[in-house]
Amino acid sequence: MPDPRTETELGPGHSGGDSAVVCVGEAMIMLAGAAGPLEDVETFRRSVGGAECNVAGGLAGLGVPTSWVSRLGDDGFGRQVLRDLRGRGVDVDGVEIDPDRPTALYVKESIDGRSRMHYYRTGSAASAMSPAFLQRPEVADRLRSARIVHTTGITAALSADTARMLDELRGDFVLSVDLNWRPVLWRDKDPEPLWRLLRAADVVLIGADEALVFAGTNDPAELHERFGKDCTLVVKNDAHTAVALEPDGRRTEVPALTVEVVEPVGAGDAFAAGFLAGTLQDLPMQQRLRLGHLNAAAVLAVPEDHAAPLDPALRDRLLNADDDEWAATKV
């Protein structure tokens, strides 16, 4: 098999040596058509999705220098991912191109106003990431200079190789992990690698509903105990509140904004991007959570997995609003 090529051999890019955040995980092409069962849909609209690349795009949209590192197939879908992320300001020069394995994709089926995702990612290029991937100079250099490295439980589930890779994802950076529990990916697999990843993380982001399924509880204090109290734990309770528990025991709770929801997919990734951007700025915890909510609200209001961030002047006003103005805000 020929040696995989790096993205930099495929076209121009910009350096990720000064990236404050590096996101590690799989990108996919999302295909969405008209409402109805898949067998009746004749045309599909394509876009780029995937938890970690959504976070990377969200961070770049907030002005944070961000790299996304992964593997893609040497195919049109892979080239679209690169073009999309580069166009959104994300450094993709650390991406490795696989000449044999494909870029993953998923199809969104919409019936009676509810969306169902069908994933086609088995044997994807990203599933072949391994500990050796982290040693590639294009990846190692970015990890070495990063202040935050972000990944999710999805990456841990892709393959035994990706799980071993995440065991090696350690360095002089803040490790951020979003649980993103996907039961179908863990079918017939031991979730112990995911537990190890969560317990190694400095920041853990988790939805209350998925926490109940994965850990048997959605109580923030119990979860903090189980993941290790050295982390900052953020528990998102649907569209209601987000609670942060810090290593020193401080607890901060911020209600979500009122949003006319168009599509919920991608909102959790947008929240993560906002929260991590606030962490980089060393904002007070209340403002970190508010920035997460603001970013999520922008995505909830559109049909895609990502959206343009809110106007900076409006965002800054709401970050500093009193509790009454924040509670009265609608998106």
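Which residues line the second largest pocket?

**View 1. Lining of the second largest pocket in the predicted model.** The lining of this pocket is formed by Y119, R121, T122, G123, S127, A157, L158, S159, R182, V184, L185 and K189. By residue class, the lining divides into five nonpolar, four polar and three charged residues, and the pocket that these residues surround has a volume of about 260 Å³.

**View 2. Strand β8 and its pairing with β3 and β9.** Strand β8 covers residues 104-111, and because seven of its eight residues are buried, with buried meaning under 20% relative accessible area, the strand is largely enclosed by the rest of the structure. Five bridges join β8 to strand β3 (residues 28-33), and these two strands run parallel; within this pairing, L31 stands opposite V107 in β8. Strand β9 (residues 114-120) is joined to β8 by seven bridges, and here the two strands run antiparallel, with S110 standing opposite S115 in β9. The hairpin of β8 and β9 has two residues between the strands, and in this hairpin D112 takes a positive phi near 55°.

**View 3. An open sheet of eight strands with mixed pairing.** The strands of this sheet follow the order β5-β2-β10-β11-β12-β13-β14-β15.

**View 4. The pairing of β2 with β10 within the open sheet.** Strand β2 (residues 21-24) and strand β10 (residues 148-152) run parallel and are joined by three bridges. Within this pairing, V149 in β10 is the bridge partner of V22.

**View 5. Helix α10 and the residue D282 just after it.** Helix α10 comprises the 14 residues 267-280, which at 1.5 Å a residue should span 20 Å; the end C-alpha atoms of the helix are 20 Å apart, which agrees with this expectation. Of the 14 residues of α10, 13 are buried, so the helix is largely enclosed by the rest of the structure. Just after α10, the backbone reaches D282, which takes a positive phi of about 60°.

Methods:
Residues numbered from 1 in each chain as written. Predicted model: local features only at pLDDT ≥ 70, side-chain atom pairs only at ≥ 80, totals over all residues. Heavy atoms only, no water. Helix = DSSP H or I, 4+ residues; strand = E, 2+ residues; numbered from the N terminus. Expected span 1.5 Å × (residues − 1). Buried < 20%, exposed > 50% of the residue type's maximum accessible area, 1.4 Å probe, protein only. 1 Å grid on protein atoms, 1.4 Å probe; cavity = no way out; pocket = protein on both sides within 12 Å on 5 of 7 lines; lining within 4 Å. Points joined across faces, edges and corners; volume = space filled by probe spheres on them. Nonpolar A, V, L, I, M, F, W, Y, C, P; charged D, E, K, R; others polar. Pairing = 2+ DSSP bridges.
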